[in-house]
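Here is a quick tour for anyone opening this structure for the first time.

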Amino acid sequence: MSKNNNGGPCVQRNQEHTYDPVRSLNRMVSEPYYLFHLLVFFSYIPIRFSASQLLSPARNSFLLKREIQVFVAYCVLAVVKIVKTESWESFIHDTLFFAKIFLTAIALVLDYHLALWYTLAFLVIHIIAQQPPYEGLGSSNHLTPLQLETLLTEGNTSRFWLVEFRAFSTPACVCTSSFFPELSITYSNANLSFGTVDIGLFPNAAEKIGIPLGSLNQLPVYILFENAIEVARFPEFDSEPYVFGPTITKKLLCGRFELDKRLLDYVNGK
């Protein structure tokens, strides 16, 4: 097993993630999650064209007005989301959700059988496909539970370890998957290291760090270790699992774990 810069056990580290439009387009048409959605959305075009030949002019005019209203409403919501959202994963998740609602609604105006078909199609996609997460790791380390335990107990690596525990089977983890890599690029230093542990791959390790298996909907969880001792955690677990967890943002994580202060302390040699 190779060593990292601080003499710790081997961890997997991605190279710097750069944006490649060709690669992104290829991913868009090759990932089942995106491909299936595109096929369902574009299926409305031939259906609408065929229906226009059968509907009366008054019915066609009414349907066109509803389509314009839906399109304008969708564009407004998309603009609001792109301004407020911090990650493309979250933007795509939310805009696809809006698109599903609007398409089903306009299909209901056309024919309720068509609306039922779209509802069934989206349900099948939800079951068989999953939105892909952000691929980069930034300056963070992808760890197994055993590697994390070894790094913390050996005590010859960073003084602080900020670790994200996640499971990509939950939408919240996918939507926030770019936050941790971006934070690690800015704040990683000799005193503070970043690591990620996929609880979805190692469910038996969840109980060891105080994450009930029945509370995976509360992921991601961020824990700050100082010299192998947990000193901070976000979010705190409730005794009763909640349906809607706290809204996680990069600004919130920076404030909760005082990342700016820790970076200044490192720069000033404290």
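This is a predicted model: local features need pLDDT of at least 70, side-chain atom pairs count only at pLDDT 80 or more; totals for chains, interfaces and linings use all residues.

**Two helices side by side**

- Helix α2 covers residues 32-42 and helix α3 covers residues 44-54; they pack at an angle of about 10 degrees, with axes 5 Å apart.
- Angles under 35 degrees count as roughly parallel, so α2 is roughly parallel to α3.
- Who touches whom? From α2 come Val 40, Phe 41 and Phe 42, and they meet Tyr 44, Ile 45 and Pro 46 of α3.
- Sorted by class, this contact between α2 and α3 has 6 nonpolar residues, with no polar and no charged ones.

**A helix with a buried face**

- Helix α7 spans residues 145-154, and its buried residues are Gln 147, Leu 148, Leu 151 and Leu 152.
- Looking down the axis of α7, you'd find these buried residues within an arc of 130 degrees, so they line one face of the helix.
- A handy bit of background: an α-helix has 3.6 residues a turn, so residues three or four places apart point the same way.
- Over on the other side of α7, Leu 146 and Thr 153 are exposed.
- What covers the buried residues of α7? The cover includes four strands: β1 (141-143), β2 (160-166), β3 (192-198) and β4 (221-226).

- As a general rule, most residues other than glycine have a negative phi, and most peptide bonds are trans.
- Asn 227 sits in the loop between β4 and β5, and its phi is positive, near 50 degrees.
- Is Asn 227 buried or exposed? Asn 227 counts as exposed, because its relative accessibility is 54% and the cut-off for exposed is over 50%.
- Ala 228 is in the loop between β4 and β5 too, and its phi is also positive, near 75 degrees.
- With a relative accessible area of 36%, Ala 228 is partly exposed.
- The peptide bond running from Phe 234 to Pro 235 is cis, and its omega is near -5 degrees.
- You'll find Pro 235 in the loop between β5 (229-234) and α10 (250-256).

Methods: Residues are numbered from 1 along each chain as its sequence is written. Side-chain values use heavy atoms; hydrogens and water are left out. Buried means under 20% relative accessible area, exposed over 50%, partly exposed in between (1.4 Å probe, protein chains only). The arc is that of the directions from the helix axis to the C-beta atoms. Contact means heavy atoms within 4.5 Å. Axes are lines fitted to C-alpha atoms, for helices over the stretch in contact, and angles run from 0 to 180 degrees between N-to-C directions. Angles under 35 degrees count as roughly parallel, over 145 as roughly antiparallel, 65 to 115 as roughly perpendicular and the rest as oblique. Ala, Val, Leu, Ile, Met, Phe, Trp, Tyr, Cys and Pro count as nonpolar, Asp, Glu, Lys and Arg as charged, and the others, Gly among them, as polar.
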